[in-house]
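Hi everyone, thanks for making time this morning. I'd like to walk you through one structure, so please have a look at it with me.

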Amino acid sequence: MTMTIPFHYFLTLLFAGALLTSQPSAFADAPLAGTAPAQWRVVWSDDPTTTATIAWSTKSAGRDHSVRFKAKDSDDGDATTLAESGRYTGGSFELYYHHSKLTDLRPGTAYEIQMISDTESSPVFYFVTASDTDREFSILHGGDSRSDRDARRRVNTMISEMAEASFDNDDPADDIIAFAHGGDYVVSGTKMELWSVWMSDHELTTMTDGRLLPIIPARGNHDKGKPFNKVFGFPDGDLNYYGISIGPKVRMVTLNSEISTAGDQATWLNEELSRSRANHRWLLAQYHRPVYPAVKEAGAGLKTWVPLFEKFDVDLVCEADGHNIKRTVPIRDGQLDQTGVVYIGEGGLGVPQRTPKTDRWFIQSPGMADQGHHVFVLTFGKDAMHGKCVLEGGKIRDEFTRQPR
Ligand SMILES: [Fe+2]
């Protein structure tokens with residue numbers, strides 16, 4: 001007996017098929033059930049040429065949690081590393097974290113990874129360590145994903161597509177190898193149920209071939225509380241300022257604008273910039289509260305950090321928090337100066353946008369300000385750094401170039 005499918009069912013199936021094929025990744029929206037690994041993340045907060053933190057969550061506690069990994073194109077056997085596990089604090093929402101810090105990895109190498117919790121395993125993913133050679137590459141920067149979940153999911157899908165497309169050609173310079181997030185992941189950082197949704201949405205950044213894009217996290221004012229350190233695999237009580245070299249020539253310094261910007265952090269920043277300026281072509285900083293804001297008032301870093309950015313000729317500073325798009329003119333001593341520091345931001349990964357105060361002097365042409373969901377692509381060449389602000393939908397809203405110091 002043959003079955004005929006009514007035409008409108010056919011259309012429905014066709015439409016459902018179109019929806020399925022437009023799904024960005026088979027590795028998204030994993031259900032939280034029992035010990036099934038979900039909410040996969042790769043975090044770069046230590047030397048990314050040799051080290052990465054693999055993090056995931058399970059709904060129930062389980063007993064044995066580990067990561068199985070091996071260099072992708074090698075004959076090495078699988079290695080296994082045990083995870084550090086526990087319950088995320090943050091209200092009554094029950095969820096368990098698992099972190100494995102992989103160390104002694106080979107630079108510029110793809111590693112297959114699989115998260116294992118008791119008898120359940122994640123799909124096999126892979127990520128790529130940063131190269132230790134002086135090659136060109138790109139990273140993404142954005143901030144503020146806290147208050148518009150639909151937009152957050154759309155931007156995450158766009159991030160996955162942009163990263164995947166960057167590997168589909170022979171140009172190494174456009175390869176997007178990491179994603180710096182400038183903070184305000186969720187609206188209330190003490191509520192674990194919000195973090196859980198953010199972490200599940202983060203799965204959308206996974207590429208269709210299972211490649212995970214490492215995240216370089218900064219803490220925002222909405223991210224207060226204990227969950228932040230557990231989400232990103234920092235030790236309890238960690239103050240969340242750190243520097244990493246993404247390869248030999250690019251230094252990314254992440255600061256914490258939500259604790260004292262003076263004192264120990266400023267002392268550390270002075271030493272960090274002094275040490276890293278000498279042997280890096282590109283020196284960047286990221287943190288949450290802007291010091292040259294397009295909407296709000298300047299953060300405390302204006303007094304404590306800016307003199308150090310200028311002293312050590314930081315090449316680009318990435319800010320968030322304002323919920324708009326901006327790029328300042330180069331600034332030194334509080335005025336436009338071609339030798340000065342350029343500040344970009346201010347956050348649009350899933351948050352209602354504000355109207356920038358376009359009369360502020362530092363966003364006049366050749367600077368700019370606007371609004372819209374976006375992510376910045378920063379490309380580190382040998383002769384120049386190129387930046388572009390990509391709006392949701394793919395339109396490029398701004399482009400800029402910086403020369404090496
Ligand atoms: Fe904020």
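Let's begin with I177, which counts as buried because its relative accessibility is 11%; buried means under 20% relative accessible area, with exposed over 50% and partly exposed in between, using a 1.4 Å probe and protein chains only. Before I go on, this is a predicted model, where local features need pLDDT of at least 70, side-chain atom pairs count only at pLDDT 80 or more, and totals for chains, interfaces and linings use all residues. Residues are numbered from 1 along each chain as its sequence is written, and side-chain values use heavy atoms, leaving out hydrogens and water.

Back to I177: you'll find I177 in strand β11. Helices (H or I, at least four residues) and strands (E, at least two) are DSSP runs, numbered from the N terminus. What does I177 touch, not counting residues up to four places away in sequence? The list is W44, F137, S138, I139, L213, P214 and I246, with contact meaning heavy atoms within 4.5 Å.

Next, D175, in the loop between α2 and β11 (176-181). D175 also counts as buried, because its relative accessibility is 11%. Leaving aside neighbours within four places in sequence, D175 is in contact with R135, F137, S138, S166 and F167.

R149, R152, R153 and N156 on the α2 side meet V197, W198, D201 and H202 on the α3 side.

Now the metal. Which residues coordinate the iron ion? They are D184 (OD), N221 (OD1), H288 (NE2) and D321 (OD), at 1.9 to 2.1 Å. Donors are N, O and S atoms within 2.8 Å of the metal (3.2 Å for Na, K and Ca), and since water is not among the atoms, sites may look incomplete. In sequence, the spacing of these donor residues reads D-x36-N-x66-H-x32-D. H288, in the loop between β15 (282-286) and α6 (301-304), and D321, in the loop between β16 (316-318) and β17 (325-327), are 33 residues apart, and the pair links distant parts of the chain. Both H288 and D321 are buried.

That's my tour, and I'm happy to take questions!
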